[in-house]
Amino acid sequence: MSDTNFNNEHLNKKTIGILGGMGPLATEDLFHKIIVLTEAKNDNEHIHVLIDNYTAIPDRTSYILGYGEDPTKYMVEAAVKLELMGADVIIMPCNTAHYFYDEIVKYLRIPFINMIEEVAKKIKKDKPDARKIGLLATEGTCKSGIYDKILKKYGIEIVKPNDVDQDKISDLIYGIKAGRTEYNLDDINSILSYFEFQNIDTVILGCTELPVAFQMMNIKGNFIDPTKILAQSAIEMVGRKARD
C-alpha cells in the first residue's frame with residue numbers, strides 16, 4: 001500500500017469523542033463496550049476514540065436538586081475541545097447529564113448522540129407493545145423527568161421507585177463511584193420485586209454506574225443497559241458494524 005492510499009484510508013476513518021468523567025468508571029465502561037462491540041480483526045480496524053475524563057465537572061444531581069454548582073459550562077468546554085481535537089461524533093456516558101443536553105448541543109457543529117433517545121428507540125424496536133418500563137437512576141435523573149419526557153413520545157410510561165427505595169439506589173450509585181464492592185442484595189431484590197408487583201418485567205439501568213454494579217454483583221433480570229445501546233449507536237454513527 002502506498003503512503004497516499006494509507007493516508008486517504010486513515011482520513012476516511014471517523015473518530016468518536018467521549019465526554020467523560022461522570023464518573024470515570026462509567027467512562028471506562030463505555031470505552032470498553034465500544035471496543036468489544038466493534039467488529040474488528042486487529043488493532044488497526046478499531047475506531048479512533050478520544051476521551052476527556054473530565055472529573056472536575058460538578059455533580060449533576062446536586063445542581064438539579066438545587067444545591068450544587070451548574071455543570072453546563074464544564075460540559076460545553078469538554079465537548080468543544082473534543083470537536084476541536086477531531087471528533088466526528090460525541091457521546092456522553094452519564095444519564096443525568098442529559099438534562100443539560102440541549103444546552104451543550106448548541107455549541108457543537110458535529111452530531112451529539114442523545115443516549116436517552118437511543119434507549120427509547122431501542123425499546124420501541126425490541127418491545128413494540130411495551131407500555132410501562134421501570135427506571136433505576138440517580139435522584140437527579142428521576143426528578144428531572146428526562147426519561148419520562150422522551151419515552152412519553154413513544155407511548156411508554158416510566159415507573160420509578162418510591163423515596164425510600166430511591167435512597168437505596170442512590171447509595172449504591174455513589175458507593176460504586178467511591179469504590180465500594182459490596183452491597184446488601186436484599187435491598188436491590190426488594191426494589192425489583194416492587195417492579196414485578198407493578199407487572200413491569202423490564203427495567204432501565206438509567207445510571208451508567210448501575211450496569212457496572214449489576215454485573216459485579218451478578219444480579220440477573222431483564223435489564224436495559226443504556227451504555228451498551230450508546231456504544232452500538234456510536235459505532236454505527238461512524239460507519240462501522242456493531243456486534244450484538
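Helices, as named here, are DSSP runs of at least four residues, numbered from the N terminus, and it is just after one of these, α12, that Gly 239 takes a positive phi of about 85°. The model is a predicted one, and its mean pLDDT over the chain is 93, with 95% of the residues reaching 70 or more. Residues 1–8 have a pLDDT that stays under 50, and for this stretch the model has 2 contacts beyond four places in sequence. Where pLDDT is low, the predicted coordinates should not be read in detail.

| Helix | Residues | Number of residues | Span, first to last C-alpha | Expected span |
|---|---|---|---|---|
| α4 | 72–84 | 13 residues | 18 Å | 18 Å |
| α12 | 226–237 | 12 residues | 16 Å | 16 Å |

Helix α12 is largely enclosed by the rest of the structure, because 9 of its 12 residues are buried. These buried residues are Pro 226, Thr 227, Ile 229, Leu 230, Ala 231, Gln 232, Ser 233, Ala 234 and Ile 235. The N-terminal end of α12 is capped by Asp 225, which places a side-chain oxygen 3.0 Å from the backbone nitrogen of Thr 227, a residue that is itself among the buried ones.

In helix α4 the buried residues are Thr 72, Tyr 74, Met 75, Val 76, Ala 78, Ala 79, Leu 82 and Glu 83. An α-helix has 3.6 residues a turn, so residues three or four places apart point the same way. The elements that cover the buried residues of α4 include the strands β1 (15–20), β2 (48–53) and β3, together with helix α5. Just after α4, Gly 86 takes a positive phi of about 115°.

A search of the whole structure finds 6 aromatic pairs. One of them joins Tyr 63 and Phe 100, whose rings are 5.9 Å apart centre to centre with 45° between their planes, a tilted arrangement. Since Tyr 63 lies in helix α3 (residues 60–64) and Phe 100 in the loop between β3 (89–91) and α5 (101–105), the pair ties together parts that are 37 residues apart in sequence.

Conventions:
Residues numbered from 1 in each chain as written. Predicted model: local features only at pLDDT ≥ 70, side-chain atom pairs only at ≥ 80, totals over all residues. Heavy atoms only, no water. Phe/Tyr/Trp six-rings, centres within 6.5 Å; stacked < 30°, edge-to-face > 60°. Helix = DSSP H or I, 4+ residues; strand = E, 2+ residues; numbered from the N terminus. Expected span 1.5 Å × (residues − 1). Buried < 20%, exposed > 50% of the residue type's maximum accessible area, 1.4 Å probe, protein only. Polar contact = N/O pair within 3.5 Å; in protein donor to acceptor, adjacent residues only side chain to side chain. pLDDT = per-residue confidence, 0-100. Contact = heavy atoms within 4.5 Å.
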